[in-house]
Amino acid sequence: MSNQHVAVVGGGVIGLSVAWRAAAAGHRVTVVDPTPGRGASWVAGGMLAPVTEAWPGEEESLALGEESLKRWPAFAQALAHDGGDPGLSTAGTLVVALDRADADQLDIVAGYLRSVGRDVEQVTGRRLRSLEPGLGAVRGGLLVPGDLAVDNRKLLRALEAAALRRGAEFTGDAAQAVEPGRVRTAHCEVHCDVVVIAAGAHSARLHPLLARGVRPLKGEILRLRARRTSLPPPTRTVRAVVEGRPVYLVPRADGELVLGATQYEAGFDDTVSARGVRELLEGAERIFPSIDEYELVETAAGLRAASTDTLPFIGDLGDGVLAATGHHRNGLLMAPVTADAVVARLAGEKPPEEALAADPARLGTGGV
């Protein structure tokens, strides 16, 4: 149905994408969030890389991510018209291995991707250094030209502007409770036809079913900038596993380099630890030695909304409440397909086929 009043609880990348698309589809939209555009989305790396995130046993997440990746160019183009350029990059990804153990792990990933029909090119260390001269003594890696990246902060600013342009309203307050047809905050109540819970790691406290499936997962990032005496950042996203820990370097168009990401259970603690900074810098220096000459611009931590089975929750929770949460590492990647799935459900239509596996009905059947 059109012209419904939709309250979107959460103003991260998922909530803002849903708000923009729902408002563009003709719905009246209210976003309930005290600081839209912040949270975990603000400290994300910006990788749109379902293939290089893939692992055996996560086929449904891979299919959903790849479907969303296909939607990203049109999503970015429409967003540039409505709100601003999100800084989409088509340069691709390099996944590098530093030693034999790391190379063995990449062999497993490459073999898995081929087994499910994905193309991936295994390349030597010499080839990698010809593509990115600043790389250190890497043993080999994978070349994934189809991956994209986005400037997460440009994206968030553009989404908020696009939602406002399409008529969405923002409460400037935090949701305390969600009930059918109502969102309660400390200062007001938002009465609506449909509630969409897109509050990231905080979604669990807003619905009993989500309390079973969503938890916070802490991640830390650093932002650095090259000096005149150092090598420039790589032109592509570079990912690696250093002594079992994932590290990624994502270049920005303004010359900055985003470095991440630690990942561990810490409840709702969003402080930056000295250990996390040390691990990220040490790992990145082994991949890209010139980074130790860079200026350290920012340290930050965010709380990803992790689900128990790596799939998000997108769909009906009952009584006019929808879920759009639990995206783990893939909130930015899955924003287009999630927004399209929610808007389809608002219209009483079938969501994209790949999103059906993310139905929160599995929370009520012991499936998670």
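Predicted model: local features only at pLDDT ≥ 70, side-chain atom pairs only at ≥ 80, totals over all residues.
On the α2 side you've got Ser-61, Leu-64, Gly-65, Glu-67, Ser-68, Leu-69, Arg-71, Trp-72 and Phe-75. Across from them, α8 brings Leu-332, Leu-333, Met-334, Ala-335, Pro-336, Val-337 and Asp-340.

How do the two helices sit relative to each other? Well, α2 covers residues 59-82, and its axis is 7 Å from that of α8, with an angle of about 85° between them. Anything from 65 to 115 degrees counts as roughly perpendicular, so α2 and α8 are roughly perpendicular to each other.

Helix α1 is residues 13-24 and helix α5 is residues 152-165; their axes come within 8 Å and cross at roughly 30°. That angle makes α1 roughly parallel to α5. The crossing of this pair is left-handed. Who's touching whom? From α1 it's Val-13, Leu-16, Ser-17, Ala-19 and Trp-20, and from α5 it's Leu-155, Leu-156, Leu-159, Glu-160, Ala-162 and Ala-163. The tally for the contact of α1 with α5 is nine nonpolar, one polar and one charged.

Right, on to the sheets. One of them is an open sheet of six strands, and if you want to trace it on screen, the order goes β8-β2-β1-β12-β19-β18, with mixed pairing. Which strands stand at the edges? That would be β8, at 169-170, and β18, at 313-318. Each has a single partner strand, so one side of each is left without a neighbour in the sheet. And here α8 comes back: that helix, residues 331-346, packs on this sheet and touches β1, β12, β18 and β19. The direction of α8 makes about 30° with that of β18.

Let's walk through some of the pairings. Strand β1, residues 5-9, runs parallel to strand β12, residues 194-197, and four bridges join them. In that pair, Val-6 stands opposite Val-194. Next along, β12 and β19 also pair in the parallel sense, over three bridges, and there Val-196 has Leu-322 as its bridge partner. Then β18 and β19 run antiparallel, joined by five bridges, with Gly-318 opposite Val-321. Those two strands form a hairpin with two residues between them, and Asp-319 there takes a positive phi near 55°.

Over in β18, have a look at Asp-316. Asp-316 is partly exposed, at a relative accessible area of 42%. Setting aside neighbours within four places in sequence, Asp-316 is in contact with Val-321, Leu-322, Arg-345, Asp-359 and Pro-360. If you want a distance to check, Asp-316 and Phe-268 are 26 Å apart, C-alpha to C-alpha, and 48 residues apart in sequence.

There's another hairpin to click on, made by β9 and β10. Strand β9, residues 175-179, and strand β10, residues 182-185, run antiparallel with four bridges joining them. Glu-179 has Arg-182 as its bridge partner. Two residues lie between these strands, and Gly-181 takes a positive phi near 80°.

Last stop, the other open sheet. Eight strands form this one, in the order β5-β6-β4-β14-β15-β16-β13-β17, again with mixed pairing. At the edges are β5, 121-124, and β17, 295-307, each pairing on one side only. From one strand to the next, the twist averages 25°. Inside this sheet, strand β14, residues 237-242, and strand β15, residues 245-251, run antiparallel and are joined by five bridges; Val-241 is partnered there by Pro-246. Helix α3, residues 100-115, packs on the sheet and touches β4, β5, β6 and β14. The direction of α3 makes about 135° with that of β4.

How values were computed:
Residues numbered from 1 in each chain as written. Heavy atoms only, no water. Pairing = 2+ DSSP bridges. Contact = heavy atoms within 4.5 Å. Axes fitted to C-alpha atoms, helices over the stretch in contact; angles between N-to-C directions. Parallel < 35°, antiparallel > 145°, perpendicular 65-115°, else oblique. Left-handed = near helix turned anticlockwise from the far one by under 90°. Nonpolar A, V, L, I, M, F, W, Y, C, P; charged D, E, K, R; others polar. Buried < 20%, exposed > 50% of the residue type's maximum accessible area, 1.4 Å probe, protein only.
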